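Reader: I want to go through this model term by term. Please tie each label to its cut-off.

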Amino acid sequence: MTAFVVPSAPAQRPCAAGTVAGALRGCHESFAQDETPKLDAPSQASTGVLLTTSMVIGGIAGSASRGRWLGRRRNVTSSSRLALRAAPWLKARDRIDGHGWVKQDPDFDAGDRSAYGAVVSVEMKKRPMGVTRFTHGTDGKGARIAEMNEKSRYPGDPRGQCAVGGVKPGSLVKSIGGQDVIGWDFVDIMDLLEDFEPNYNTTQDAKAAWDARPRKHQPIALPAVVEYVEFTVSDTPAAAAPKLEGKWYPRASGFSDQELAAELSRAKQQFPVPADYNGVRYAGPSSLNDAWIKSFMQQQKTGVLLPKAMAYELVIDLIKLQRQEKTMMEINVPVGQGITICGDTHGQYFDVVTLLETNGLPSPSNPYIFNGDFVDRGSWSVENILLLYALKVQNPAFMHFNRGNHELIEANLIYGFCGECFKKYDGDLFNLFSESFRLLSLCALINKEAFVCHAGLPGPVPRLWLPGQSHDPEDAIPVNVSATTLDQIAKVDRYTELQETSYKNCVKEDKAAYDASTDKDTSVIIDLLWGDPRGGAGYGPSYRKGRGIFMFGPDVTEKFCKDNNLSMVIRSHEMKEKGWKQDHEKLWTVFSAPDYMDTGGNQGGYLKVVNEGGKLKIHPHSIPKTPHPPLPPMIYQQYMNLVNPHLTRKMKKQTGIKYDKDGNIVGQVAVEQGDDDFVQQGMTDVWVEDDAAAGDAALTQEQIDAAFAKICQSS
């Protein structure tokens, strides 16, 4: 089983089970600076710059160096990386103690003494001491703390020995029991230290291989003193990977009016309407009416797509409309009327059609907000977004959109939408979709009373990393003294693409660093697109990424509403059993994809927000799953792997345990669900790179089509 992951985002869980996947490869390490690029929206006269020229790699707003950590980066050749992969007992996946190198680790030189700081000595009384993973330099030397427990759970907690002793993440093991180990091989240091958390998922075969491995040193007897040295040096970004000639990469610049006109002209010349096409015809906004919409809904259900040139024109017209929209839409609902708010739809086109047939098409008396995550995961994302865009172009004043975390290039490349665009249309249309996503509003304000955004509320100010934070509800950053104001949110420059480093760079170690270098707009965008509610007070770390995203408690919601004179907040972003849930007294979640990923078992939902006597009131509704053709979720990510292998690498799922008849662990099996919208249900997956997967061999279109046809048949 396989899946797509972004190699520079270790804490972001990949896609759902049963998918061939790929990752952005050759596009990481592409920012020369640490800041997220703020994108200048295109003017009518010139092209807006998505990235500075020094940041562009392969046409995508790339990630900053994935090796950003506390230590120095080394210029590492591809041959040395290959040698590292071939060396025994260096990769974490080959060891049973959890230690070792993973792809996200930076390269460093353990012997570079100019990088050393203070030395900390800790008496090792019991194992484990609290370091959950050590890593090493590219030459296989040294042992450096990659992950550790940063606080003690209780007095005398053995897993808190390092934290209590003052050891910090990124520190290097200097000596063990008086023996200097700086120049030692990583495997020898680990054998002498023998300090690890037990892994109860270890298979019998893996344990046997581990026990049979050759070793120079037996575990040191306890108690023993272990010295650690801080390792903090200059932060030099690694060289960007070159763009491969003749390969497709996502576009890294905006579109001027002239470029949009040229794209449309090219599409009409190159892609004439097929002679046998009998469906609806799009010829600009004036061609749209309810009859057109209903016919379009039905033809897409039968697999008849809008001709390519017409799809181009529709998306370009939507882009022109969205340029007139604001970061925060202000919507007025008269007394006695209401507005429908829909949550994530994730390419579940047949369910969206049912919702519209149930609740009625958008109109002056029946306005809608679709609250983000229109695409990815579901296998009819193209049909879904084209229908929603047609409704917006027809009804710009009463069809509204908020951007979700899946209206980002980083998500579309790995969760299906990009591959689906290539299969059903082409990569140039995907670039136009990406431009339209960057122009989506981030939030809406209804009657100055209800705040609507895709995910979360603005996070803590300052955004500080607190060592030892866990998902314990009692671990919290206190609520802000003053909540972020609606005026501050409205002034956010929304035209951007988030990168893996965007999240990390918006959390600092201290207030001075936060004030000096944190992009405040990016921080708010991350919160609105990624945050989740929690039961505990204040702000806590999110399950979704390792750093930079916050969960928020009921006191945060209450404070935000009080300071901004609001009565409610409505968001989406999480699957709910009924399709909706009141998470806090003034916070509602709506999720409109029933039986999410064909495994969720949930209902879909939508909220009718009605003005009753001058006050807004929420009326929740649930909808069942609508049957759809036998095409599984994420199928088009497998097409992405075929058509753009240079942007992908195959992964395999490593989650779950297989037992023999006597109860012995004999292997690991994959579970059939687990992704970022299931996280609150406790469904988490582990993925590892499939070294046995095929390389980047180019296929002809005929070979691609034949391979994909086999995949579809077997699904």
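Reader: What is the average pLDDT of the chain?

Author: pLDDT is the predictor's confidence in each residue, from 0 to 100. The chain averages 82, and 78% of the residues score at least 70. Residues 1-79 stay under 50. Residues 679-688 are also below 50. Where pLDDT is low, the predicted coordinates should not be read in detail.

Reader: Why is Thr 345 called buried?

Author: Buried means under 20% relative accessible area, exposed over 50%, partly exposed in between (1.4 Å probe, protein chains only). Thr 345 has 2%, so Thr 345 is buried. Its place is the loop between strand 10 (338-342) and helix 8 (349-359). Helices (H or I, at least four residues) and strands (E, at least two) are DSSP runs, numbered from the N terminus.

Reader: What makes the pair of Thr 345 and Asn 384 a polar contact?

Author: The distance between the two side chains is 3.1 Å. A polar contact is a pair of N or O atoms within 3.5 Å; within protein, one must be able to donate a hydrogen and the other to accept it, and residues adjacent in sequence count only if both atoms are side-chain atoms. Beyond four places in sequence, Thr 345 is in contact (heavy atoms within 4.5 Å) with residues including Val 352, Phe 374 and Ser 592.

Reader: How do you know that strand 21 and strand 22 pair?

Author: Two strands pair if DSSP finds at least two bridges between them. Strand 21 (residues 604-612) and strand 22 have nine, and they run antiparallel. Tyr 606 stands opposite His 621 in strand 22.

Reader: Which order do the strands of the open sheet take?

Author: The order of the five strands is 12-11-10-21-22, with mixed pairing. Strand 12 (399-401) and strand 22 (615-623) are the edges, since each pairs on one side only.

Reader: What makes the pair of Arg 133 and Glu 147 a salt bridge?

Author: A salt bridge is a side-chain nitrogen of Lys or Arg within 4 Å of a carboxyl oxygen of Asp or Glu. The closest N and O atoms here are 3.3 Å apart. Arg 133 lies in strand 4 (residues 131-135) and Glu 147 in strand 5 (residues 144-148), so the pair ties together parts that are 14 residues apart in sequence. Arg 133 has 8% relative accessibility, so Arg 133 counts as buried. Glu 147 has 40%, so Glu 147 counts as partly exposed.

Reader: Why is Glu 435 called buried?

Author: Its relative accessibility is 0%, so Glu 435 counts as buried. Its salt-bridge partner is Arg 438, at 2.9 Å between the closest N and O atoms. Arg 438 has a relative accessible area of 1%, so Arg 438 is buried. Both lie in helix 12 (residues 427-438), three residues apart, about one turn of the helix.

Reader: How many salt bridges does a search of the whole structure find?

Author: The search finds 39. One of them joins Lys 625 and Asp 595, with closest N and O atoms 2.8 Å apart.

Key:
Residues numbered from 1 in each chain as written. Predicted model: local features only at pLDDT ≥ 70, side-chain atom pairs only at ≥ 80, totals over all residues. Heavy atoms only, no water.
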